Number of protein chains: 2
Amino acid sequence: MNYLNVGVSPSPGNVPVYHGSNLKVLDRRVRLAELILRCVISALAILSAVLIGTDSQVKEIFTIERKAKFTDMKALVFLVVADGLAATYSLAQVVRCVVNMIRGSVLFNKPLAWAIFSGDQVMAYVTLAAVAAAAQSAVIAKFGQAEVQWMKICTMYGKFCNQVGEGIASSLLVSLSMVVLSAISAFSLFRLYGNNNKRKRDERS
Amino acid sequence: MNYLNVGVSPSPGNVPVYHGSNLKVLDRRVRLAELILRCVISALAILSAVLIGTDSQVKEIFTIERKAKFTDMKALVFLVVADGLAATYSLAQVVRCVVNMIRGSVLFNKPLAWAIFSGDQVMAYVTLAAVAAAAQSAVIAKFGQAEVQWMKICTMYGKFCNQVGEGIASSLLVSLSMVVLSAISAFSLFRLYGNNNKRKRDERS
């Protein structure tokens, strides 16, 4: 059988280039989905951090001026930090994806696949935890928790609360995208441990 | 070559039995780790739900009796529900694991692997979100949030808060175990998509 154009050729950085496979179309789609998701995450994470980080509202209560800002709530500070991390991490990954697409290489390097998988997992869980904590604070701010006398504050700082709400919604999209991405990187990693060759030989025997 | 004892033989439920592979040792370890983790999750989720669900404390303030209970805080109700779900789901999975181990079968059924992977992912994210939301409420209850006049309540309900803290710690272990488990089920699923056979043929050509 002629295997011209079919083979694994070494490329710089210990990432072999993989040609002529049935998996090539799947690979291309996976890489494209990964790139789009990482771009979306970067943009939404920056948007969320800016929305929450720049949010403030001043109210005058009997000549006393009070200012609401995101640092008043620790959960919002955690969310802005998590968004900043997600944006930085995703931008770095976008660069890696673009370089890989230009070189036409597919990930067969286990240590790198493990690093990407671990990074994506950590980011997915960190962003989700940050969103859940911020959403919990937001729910208390919006509706209060009468049983423990935590009063609602959104009646007083409506504009501030709305902008925080938009930031949390944006962060929720970031964390959901990170969840999908971490499934993609799990796919890219664990298929390297596939044992189809053994099974197929066994089935033929 | 003699392939006696080496082959894929069909077993009930469309799960082929897999013998004589180098991967057998790895498979056994993965299955054992999975079983142990699922048992640990069931036990800790039940413990957490009981600790939080049965927690209450009565205080008399100027002849007025006030009772703190977990339903006073919506985040704790969410956590108890999430723990209940995690315990039920994990017990069902323990049964599946034990049946598979007794039959000596390995998961090669893609729809089942997808179902387990999806279930584990959802449970990992739900339990983590519930823990994050409850922890956020607990932090406010413990330290207060002076900027928005949410006062600390743990100075008044010390015993109640301690028991909730133990429940949240237990739930945190549940969610961390679910995170590890969802990585294991990702491994079990995505290695079915491995392309080693193609690569090895290509390398020989």
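Helix α3 (residues 110–143) and helix α4 (residues 158–190) of chain B pack against each other at an angle of about 155 degrees, with their axes 8 Å apart. Axes are lines fitted to C-alpha atoms, for helices over the stretch in contact, and angles run from 0 to 180 degrees between N-to-C directions. This is a predicted model: local features need pLDDT of at least 70, side-chain atom pairs count only at pLDDT 80 or more, and totals for chains, interfaces and linings use all residues. Residues are numbered from 1 along each chain as its sequence is written, chains are lettered from A and ligands numbered from 1 in the order in which they are written, and side-chain values use heavy atoms, with hydrogens and water left out.

**Helix packing**

- α3(B) and α4(B) are therefore roughly antiparallel to each other (angles under 35 degrees count as roughly parallel, over 145 as roughly antiparallel, 65 to 115 as roughly perpendicular and the rest as oblique).
- The crossing of α3(B) and α4(B) is left-handed, meaning that the near helix is turned anticlockwise from the far one by less than a right angle; clockwise would be right-handed.
- Between the chains, α4(A) and α4(B) pack at about 55 degrees, with axes 9 Å apart.
- α4(A) and α4(B) are therefore oblique to each other, and their crossing is right-handed.

**Chain A overall**

- Chain A has five helices and four strands (helices, H or I with at least four residues, and strands, E with at least two, are DSSP runs numbered from the N terminus).
- Along the sequence, the pattern of chain A is β-β-α-β-β-α-α-α-α.
- Of the 205 residues of chain A, 53% count as buried (under 20% relative accessible area; exposed is over 50%, partly exposed in between, with a 1.4 Å probe and protein chains only).

**Salt bridges**

- Side chains of opposite charge can pair when their charged atoms come close.
- Over all chains, the structure holds 12 salt bridges (a side-chain nitrogen of Lys or Arg within 4 Å of a carboxyl oxygen of Asp or Glu).
- E34(A) and R38(A) form one, with the closest N and O atoms 3.1 Å apart; both residues are buried.
- Because E34(A) and R38(A) are four residues apart in helix α1 of chain A, about one helical turn separates them.
- K159(A) and D55(A) form a salt bridge at 3.5 Å, N to O.
- K159(A) lies in helix α4 of chain A and D55(A) in the loop between α1 and β3 (56–61), so the pair ties together parts that are 104 residues apart in sequence.
- K159(A) is partly exposed, at 43% relative accessibility, whereas D55(A) is buried, at 2%.
- In chain B, R38(B) forms a salt bridge with D120(B), the closest N and O atoms being 2.9 Å apart.
- R38(B) lies in helix α1 (residues 23–53) and D120(B) in helix α3, so this pair ties together parts that are 82 residues apart in sequence.
- R38(B) and D120(B) are both buried.
- In chain A, salt bridges that share partners join E34(A), R38(A), R96(A) and D120(A) into one network.

**A nonpolar surface patch**

- L32(A), I36(A) and V40(A) make a nonpolar surface patch of about 240 Å².
- Patches are made of residues with over 30% relative accessible area and no salt bridge; like charges are joined within 9 Å, and nonpolar side chains (Val, Leu, Ile, Met, Phe, Trp, Tyr) within 5 Å.
- Accessible areas come from the Shrake-Rupley method with a 1.4 Å probe, and for residues only the protein chains shown count as cover.
- L32(A) lies in helix α1 (residues 23–53) of chain A and is partly exposed, with a relative accessible area of 44%.
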